[in-house]
Amino acid sequence: MATSEREDFSLSGPLHLNAVDWTNAHHQRSVTASLVQGVYVLERDRQLKREGPEALANPWWEFFHFQLLRKLVDDVDSSIFGAIYEFKPSTAYSSHSLDAGPHYVIAFRGTITKPDSLPRDIELDLHIIRNGLHETSRFEIGIQAVRNVVTTVGESNVWLAGHSLGSAMALLAGKIMAKTGIFIQAFLFNSPFFSAPIEGIKDQRVKHGLRIAGSVITAGLAFAAAAKKNDQNSRSIDTFAALSSWVPSLFVNPADHICSEYVGYFEHRKKMDDIGIGAIERLATQNSIGGLIMNAIGKESEPLHLIPSANLTVNLTPSRDFKEAHGIHQWWRPDLEVQSNLYKYQ
């Protein structure tokens, strides 16, 4: 499966996956990343008015026996930001792991740096920074699509996938559904985590010291807020604990400052437990200083990146630059060196 796109999409997809083993983590990651790439190319086809034989998007899902069921279109700029795919293998398709795969995948793209879509995408990026993505019409279209598909076919038959801005969309949709007891398998590539760039510090003692100080300050502010709003804070803690049963798959690159803080977010929680002050971190991990300040001035804010549990996969393969470290293309490389850890909130 290759594309001859002259501008953004000159890279080939995972041609080595002639047969998909749906129980294989590398195969799951490669296929879902390709379906997200399909959304990127759908939007570029639209912008460049490529239709019929000239369109380049179809191979990104057809190669894996998916069909495009529906395009998700933004009501502001008419850009394609997502897609609903249905798995439709031919009668000749053979796999011992079909039951482990999805029947439907809902995928969301990230920001495209082209004039036709960039202004709206940047607007959505800013909403993520201020924890207001849930207030946008694009997200409302996305979450309604998720609810409709889940209602029709059941949560066990649906996977979510997204990259960058699209990963934030999928993460927020997954969190909202999980709060109602519906746990959808999610594949989140380079999901935004906006905070001080501590993960980039090379000195491990300095890095660990800064994280401990940040946890103590955050926990202290959260405790003070709890004294003022005891009932509301209790509900917040209960909600966070309830989310712990949802375990999305997070894919991050330590050279990508947009998502790299997830590495420290989860590793630091374990280190705090190891040194006997896990209780402080369990309170801090549910809050952010920015969110607490916003709540204190009467603007309720729930930081998107705060999640209790995750299967965290870190790309250990060196990246040449930020573009490569943040790109979706890295996640289907056959020679990818990764390290995965399961983090469950207790």
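Biologist: Trp60 and Trp332: buried or exposed?

Modeller: Both are buried (under 20% relative accessible area; exposed is over 50%, partly exposed in between; 1.4 Å probe, protein chains only). This is a predicted model: local features need pLDDT of at least 70, side-chain atom pairs need 80 or more, and totals for chains, interfaces and linings use all residues. Residues are numbered from 1 along each chain as its sequence is written, and side-chain values use heavy atoms, without hydrogens or water.

Biologist: What share of the chain is buried?

Modeller: Of its 346 residues, 52%.

Biologist: OK, rings. How many aromatic pairs?

Modeller: The count is 19. Rings of Phe, Tyr and Trp (its six-membered ring) pair with centres within 6.5 Å; planes under 30 degrees apart are stacked, over 60 edge-to-face, the rest tilted.

Biologist: Why is the Trp22 and Phe87 pair edge-to-face?

Modeller: The planes stand at 80°, so it gets that label. The ring centres are 5.7 Å apart.

Biologist: Where do those two sit?

Modeller: Trp22 lies in the segment before helix H1 (25-47), and Phe87 is in strand S2. They are 65 residues apart. Trp22 is buried at 1%, and Phe87 is buried at 11%.

Biologist: And what kind of pair do Trp60 and Trp332 make?

Modeller: A tilted one, because their planes are at 45°. The centres are 5.3 Å apart. Trp60 is in helix H2 (residues 59-62). Trp332 is in the loop between helix H11 (322-326) and S8, 272 residues away.

Biologist: Which residues form the aromatic cluster?

Modeller: Trp22, Phe66, Phe87, Trp159, Phe187, Phe189, Phe251 and Trp331.

Biologist: New topic. How many helices and strands?

Modeller: There are 11 helices and eight strands. These are DSSP runs, numbered from the N terminus: helices (H or I) have at least four residues, strands (E) at least two.

Biologist: In what order do the strands lie?

Modeller: S1-S2-S3-S4-S5-S6-S7-S8, in an open sheet with mixed pairing (a pair needs at least two DSSP bridges). S1 (66-73) and S8 (338-343) are at the edges. Each has a single partner strand, so one side of each lacks a neighbour in the sheet.

Biologist: How do S4 and S5 pair?

Modeller: In the parallel sense, over five bridges. S4 spans residues 158-163 and S5 residues 185-189. Trp159 stands opposite Gln185 in S5.

Biologist: Where is Asn190?

Modeller: In the loop between S5 and helix H6 (204-228). Asn190 is buried, at 0%.

Biologist: Which residues does Asn190 touch?

Modeller: Among them are His163, Phe251 and Trp331, with contact meaning heavy atoms within 4.5 Å. Residues up to four places away in sequence are not counted.
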